[in-house]
Structure formats: structure tokens, C-alpha cells
Amino acid sequence: MTKMLFPWPDSRLSPNKRIDRRALISVKQDIKSEAYFLTKQSDLCLLETDLQLKLTFCPPDKRRRDLDNLYATFKTYQDGIFEELRMDDSLIDCVILQRGSVVKNGSVIVELTEA
């Protein structure tokens, strides 16, 4: 199992946010690059097999948030992770979403395991 710590997802990536598509492209590119380099630093090595992805969202405050929207917001980070691994994220068989405790600035704990 490998654990990685990612920053709280950018609110502009929320599916409920209305943002110009052209402006969103540069945001997604920056975030995908950030996820790529964070994954590279973790020295993660997985076999091309079925994977389980566990995401623990530790919010920056006590506001209520919908887990499926948080997952949609994190999708660009996920793409960056799997780009660095040179794997297709269709290998994910199981996704576990959960809430963590409130932490300053928020974070997402990513755990990838071979199923």
C-alpha cells in the first residue's frame, strides 16, 4: 500500500462551478502536472493489475461537502497520478471515498493498493 498526501482540490474543478472552458484547461494542466510530480516524489511502483483507490478528504473547514463532487473535483489529480505511473486509471476496480478530520488548508490522503 502506498499513501500520498495531496493538497485540497481547487474549487474551480467542482462540477457545480461555472467557469469558462478555456480558463479551465490551464487550471487542469497545472493540477495534472502537480499530481504528476507529487506521485514521482513518492516512488510509487505498482503492477498492472486491479487496483483499489482510497481517498480521504480532510477539509479545510466544517462546511458540508458532497463526496461524489469531491471525487469529481479530484479526477484531474487522479489523471496526473496515473500518467506518471504510465497506467490507465481503468485498472481501478474499487474506489473508497471517506471524510477525514478538518486540517488547516485541507488535504486529500490517497492510498493505492493492488486488489
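1. The protein chain of this predicted model carries 18 positive and 18 negative side chains, and the centres of the two sets lie 10 Å apart. Here Lys and Arg count as positive and Asp and Glu as negative, with His and the chain ends not counted, and each charge is placed at NZ of Lys, CZ of Arg, CG of Asp or CD of Glu.

2. Local features need pLDDT of at least 70 and side-chain atom pairs count only at pLDDT 80 or more, whereas totals for chains, interfaces and linings use all residues. Residues are numbered from 1 along each chain as its sequence is written, and side-chain values use heavy atoms, leaving out hydrogens and water.

3. Two helices and four strands make up the pattern β-α-β-α-β-β along the sequence, where helices (H or I, at least four residues) and strands (E, at least two) are DSSP runs numbered from the N terminus.

4. The count comes to six salt bridges, each being a side-chain nitrogen of Lys or Arg within 4 Å of a carboxyl oxygen of Asp or Glu. Among them, Lys32 and Glu83 meet at 3.3 Å, N to O; because Lys32 lies in helix 1 (residues 21–41) and Glu83 in helix 2 (residues 67–85), the pair ties together parts that are 51 residues apart in sequence.

5. Lys75 forms a salt bridge with Asp89, with the closest N and O atoms 2.6 Å apart, and this pair joins helix 2 to the loop between helix 2 and strand 3 (92–99). Asp61, Arg63 and Arg65, in turn, are linked in a network of salt bridges.
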